[in-house]
Amino acid sequence: MSEAVQLPSLTLADLSQAIAKSRTRFKVDEDIDLNRYVKLWREDESWQGTKHRAMTLILRTRGCTWDYQHGCTMCGYFVDTAHRKVNADQLVAQWRAAAAEHKGESILKIYTGGNFLDPAEVMDDARRTIVAEASRLFKLVIVESRPEYCTPARLREVEDACRANGSHFMVALGLESSSDEVCDKAINKGYGFRHFVEAAKACREAGVGVKTYLLLKPPFLTEEETVEDIVRSIADCAPHSDIISVNPTNVQKFTLVETLWKDREYRSPWLWSVLEVLRRGKPAAASAVLKSDPVGGGSKRGAHNCGRCDEEVLGHIESYNTTQDIAFVEAAGAVECSCKPLYRAVRRLEGFMTGSAWVD
Ligand SMILES: [Zn+2]
């Protein structure tokens, strides 16, 4: 990371407390049916040089173990979790309801708002049943997990189950940044680059694919700092990744990021920054797929420009994601808009403004 980055000297306890305070108005829904998944949708996904249809499934689990203890500054996925035990039968019932909706998609992404490989969240029996059944329907099964749950035995088990059905398994790891300082002081991630590398190596040894998430614009970083941080992080994680997904921070409800945003101390990243990290990161990504799906792109809570050029830029990013043709990123960068000089001024001057969001 750049020597110029100035992060507040917050401890784990300080940040965890601030994160907890941002949630005081959140109420758990006690009446939720634990046999029903949260949501399911379909989209295009690029894999091994070809465009595929993918089904994304959000299972309702007890939630993320790290989130129970500390939480991350930008993560609001706890709103979709049960906040109580969801047993193996209920998890399997959720999965089977989703499997009945399968319409020939070749990729399945299972998200839980936590960690699919955490046995406290998705019990061993449920994990085995879901992976065995999913690998009969899909060519690739992707789940998310923190590195600590990527044990060699568990990875071998899921990969063997998939391979038996001619399918592949991939783990998405939220590295966010290869800078431990950014992970500690801006995200409260609770692990560092070396933990990511260990987990990625364990995945590779087991034959499991690795998808790496990077977080563009955590709180407390300027636009300039985060662009440099992500370009460097792409180069650092590329040797360990099959897919690198740059996720621009979106302002999620009941998060510390939302508190800062409401106080005008945070602005989600510009789409111009997304283009720059894709353009500069692409050569360093080498054979790894490099993509970005700006959640809520074009809205005030998501990565956005001025509102006039957003749709055109987002269209080019989407075309780039599925084709991996950098010409789309260049075309997006060539879009003329009056917000470009303003963006350049933000890049130059924001560091002198102590990070406050002075441009919407
Ligand atoms: Zn514009």
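Visitor: What happens just after α10?
Guide: Alanine 286, which comes just after α10, takes a positive phi of about 50°. Helices (H or I, at least four residues) and strands (E, at least two) are DSSP runs, numbered from the N terminus.

Visitor: What sort of model is this?
Guide: The model is predicted: local features need pLDDT of at least 70, side-chain atom pairs count only at pLDDT 80 or more, and totals for chains, interfaces and linings use all residues. Residue numbers start from 1 along each chain as its sequence is written.

Visitor: Back to α10: how many residues does it have?
Guide: Helix α10 covers residues 271-285 and has 15 residues. From its first C-alpha to its last it reaches 20 Å, close to the 21 Å expected at 1.5 Å a residue. The expected span is 1.5 Å times one less than the number of residues.

Visitor: And where in α10 is the kink?
Guide: The kink, of about 25°, lies at arginine 279, shortly before proline 283. The bend at a residue is the angle between axes fitted to the seven residues ending there and the seven starting there.

Visitor: Which residues of α10 are buried?
Guide: They are Leu271, Trp272, Ser273, Val274, Leu275, Glu276, Val277, Leu278 and Gly281. A residue is buried if 20 or more other C-beta atoms lie within 10 Å of its own, exposed if 12 or fewer, and partly exposed in between, with C-beta atoms placed from the backbone.

Visitor: How do α8 and α10 pack?
Guide: Helix α8 (residues 223-237) packs with α10 at an angle of about 25°, their axes 8 Å apart. Axes are lines fitted to C-alpha atoms, for helices over the stretch in contact, and angles run from 0 to 180 degrees between N-to-C directions. The two helices, α8 and α10, are therefore roughly parallel. Angles under 35 degrees count as roughly parallel, over 145 as roughly antiparallel, 65 to 115 as roughly perpendicular and the rest as oblique.

Visitor: Is the crossing of α8 and α10 left-handed or right-handed?
Guide: The crossing is right-handed. A crossing is left-handed if the near helix is turned anticlockwise from the far one by less than a right angle, and right-handed if clockwise.

Visitor: What about α5 and α7?
Guide: The axes of α5 (residues 152-164) and α7 (residues 193-206) come within 9 Å and cross at roughly 40°, so α5 and α7 are oblique to each other. The crossing of α5 and α7 is right-handed.

Visitor: Changing topic, what is the strand order in the sheet?
Guide: The open sheet of 8 strands has the order β1-β2-β3-β4-β5-β6-β7-β8, with mixed pairing. Its edge strands, β1 (39-47) and β8 (289-291), each pair on one side only. The twist averages 25° from one strand to the next. Two strands pair if DSSP finds at least two bridges between them.

Visitor: Do β1 and β2 pair in the parallel or antiparallel sense?
Guide: The pairing of β1 and β2 is antiparallel, over 9 bridges, and serine 46 has lysine 51 in β2 as its bridge partner. The two strands form a hairpin with 2 residues between them, and glutamine 48 in the turn has a positive phi of about 50°.

Visitor: How many bridges join β2 to β3?
Guide: Strand β2 (residues 50-58) runs parallel to β3 (residues 107-111), joined by 5 bridges. Alanine 54 has isoleucine 107 in β3 as its bridge partner.

Visitor: Last one: how many residues of β5 are buried?
Guide: In β5 (residues 168-176), 9 of its 9 residues are buried. His168, Met170, Ala172, Gly174 and Glu176 point one way from β5, whereas Phe169, Val171, Leu173 and Leu175 point the other way.
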